[in-house]
Amino acid sequence: MNNSHDQIWRAKAAAWVHDPGEKQVILFRRGHESGNAKRFAELLNVADAKEWHKTPDHWASASDRPQFEFEGSAAPQVRFTRNGVLKHPLCGIEFSLDKLQLGNKDLDDIEDEVFGIAVDLMQKAIGGKAQVETAEERRRALLALWRFLPQCALGDFGELWGLLPADSRVPDHAIWAHLDLASALAG
């Protein structure tokens, strides 16, 4: 595989793992750019490329969310784990997230469970190795994560795992759609 092909997959991988799937659960309780985002970058051997995701992330954010002007210096903080509601886009049925008590979940347990599932998916894709070493392994590992991680019925989250929003202020698309778009733009 030539070097430019490897660079494309490094950029795509760095962009796809820049936010963890559990971002809305850990947001405002601790930073979302450490934890699994950092651990996944190390597994995919793109930790040194972490800056590569910034521009594709900004483009993806601008294209998949409306942009609002806010009075004052900062956008409002919306905590998805408090009074969160998912609404079906066609029939309007609402599902309150209060009973899941997302804000009370142990963050280390959540991150460890997600990480364990991701490692298992990646290892299956690259022949049981503990870490990505080659460009082809990176491509295969990323494709395994992209295809299967959003569909994992994660512990207490169940089907909600695939629906967690990318942005709690505009929760109309899942984190996975944002990561997919950022990765596509990184290529």
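This is a predicted model: local features need pLDDT of at least 70, side-chain atom pairs count only at pLDDT 80 or more; totals for chains, interfaces and linings use all residues.
Residues are numbered from 1 along each chain as its sequence is written, and side-chain values use heavy atoms, with hydrogens and water left out.

Helices here are DSSP runs (H or I, at least four residues), numbered from the N terminus. Helix H1 (residues 3-16) packs against helix H6 (residues 135-148) at an angle of about 35 degrees, and their axes are 10 Å apart. Those axes are lines fitted to C-alpha atoms over the stretch in contact, with angles running from 0 to 180 degrees between N-to-C directions. On the H1 side, Trp9 and Trp16 are among the residues that meet H6, whose partners include Leu142 and Trp146; contact means heavy atoms within 4.5 Å.

Over in helix H3 (residues 35-43), the buried residues are Gly35, Asn36, Ala37, Phe40, Ala41 and Leu43. Buried means under 20% relative accessible area, using a 1.4 Å probe and protein chains only. Part of what covers them is helix H5 (107-125). Asn36 has a relative accessible area of 0%, so Asn36 counts as buried. Its touching residues, leaving out those up to four places away in sequence, are Pro20, Glu22, Glu111, Val114 and Phe115. A polar atom of the Asn36 side chain also lies 3.0 Å from the backbone oxygen of Glu111. Just after H3, Asn45 takes a positive phi of about 60 degrees.

Note on methods
Buried means under 20% relative accessible area, exposed over 50%, partly exposed in between (1.4 Å probe, protein chains only). Helices (H or I, at least four residues) and strands (E, at least two) are DSSP runs, numbered from the N terminus. A polar contact is a pair of N or O atoms within 3.5 Å; within protein, one must be able to donate a hydrogen and the other to accept it, and residues adjacent in sequence count only if both atoms are side-chain atoms.
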